[in-house]
Amino acid sequence: MREAKLESALVSYSAGISACEKGEQWQRALALLSEMREAKLEPNVISYNAGISACEKSRQWQRALSLLSEMWEAKLVPNFTSCSAGIRACDRSGQWQQAIWLLKETWGANLESNVGSFIDAISIAMRG
């Protein structure tokens, strides 16, 4: 019963963070991630992905990279969605060197990647 409540709370928080992402409310998304920790709930990859995407849409590249770093510290492995949103956050903010660095890190960590990400990274570098 307790696990079901915790899972339900985790899903609810993640849905709230995702809603903030869609509404481009990055500050509220990060506040919800913080509230999760205060409530002794560990954010999962889905929660972080929504937070990183919220930062991406609001051109908060440093915060997006900070969330990726937090994921590693929490022993969560960022997935393609996590890294792709981080790359786009850097790109949208004109931080193409950071975007290329993150792409290299993604491949270096053996995370799933695809040709589309590689092409995006090349186009970012060419604009930079």
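1. Helix α2 (residues 26–38) and α3 cross at roughly 155°, so α2 and α3 are roughly antiparallel to each other. Their axes come within 8 Å, and the crossing is left-handed. Please keep in mind, as you look at the structure above, that this is a predicted model.

2. Who makes the contact between α2 and α3? On the α2 side you will find Trp26, Ala29, Leu30, Leu33, Met36 and Arg37. They meet Ser47, Tyr48, Gly51, Ala54 and Cys55 of α3.

3. Next, a step back to the whole chain. What does the pattern look like along the sequence? The protein chain reads α-α-α-α-α-α-α, with seven helices and zero strands. Of the 128 residues in the protein chain, 38% are buried. Among contacts with a separation of 6 or more, 60% are between residues 24 or more positions apart.

4. Helix α3 has another partner worth a look. Helix α3 (residues 45–57) packs with helix α5 (residues 80–92) at an angle of about 15°, and their axes are 8 Å apart. Angles under 35 degrees count as roughly parallel, and therefore α3 and α5 are roughly parallel to each other. Here too the crossing is described by its hand: α3 passes α5 in a left-handed crossing.

5. Which residues bring α3 and α5 together? From α3 come Val45, Asn49, Ile52, Ser53, Glu56 and Lys57. Facing them in α5 are Thr81, Ser82, Ala85, Gly86, Arg88, Ala89 and Arg92. The residues of this α3 and α5 contact divide into four nonpolar, five polar and four charged.

6. Now for the record. Residues 44–78 are 74% helix and 0% strand, with end C-alpha atoms 10 Å apart.

7. Is Cys20 buried or exposed? Cys20 is found in helix α1 (residues 2–22). The cut-off for buried is under 20% relative accessible area, so Cys20, at 10% relative accessibility, counts as buried. Leaving out residues up to four places away in sequence, Cys20 touches Gln25, Arg28, Ala29 and Leu32. Of these, Ala29 also belongs to the α2 side of the contact with α3. Cys20 and Ser53 are 33 residues apart in sequence, and their C-alpha atoms are 9.7 Å apart in space. Ser53 is one of the α3 residues that meet α5.

8. Last, a loop residue. Where does Ser58 sit? Ser58 has its place in the loop between α3 and α4 (61–73). With a relative accessible area of 18%, Ser58 is buried. Setting aside neighbours within four places in sequence, Ser58 is in contact with Glu24 and Trp26. You have already met Trp26 as one of the α2 residues in the contact with α3.

Conventions: Residues numbered from 1 in each chain as written. Predicted model: local features only at pLDDT ≥ 70, side-chain atom pairs only at ≥ 80, totals over all residues. Heavy atoms only, no water. Axes fitted to C-alpha atoms, helices over the stretch in contact; angles between N-to-C directions. Helix = DSSP H or I, 4+ residues; strand = E, 2+ residues; numbered from the N terminus. Parallel < 35°, antiparallel > 145°, perpendicular 65-115°, else oblique. Left-handed = near helix turned anticlockwise from the far one by under 90°. Contact = heavy atoms within 4.5 Å. Nonpolar A, V, L, I, M, F, W, Y, C, P; charged D, E, K, R; others polar. Buried < 20%, exposed > 50% of the residue type's maximum accessible area, 1.4 Å probe, protein only.
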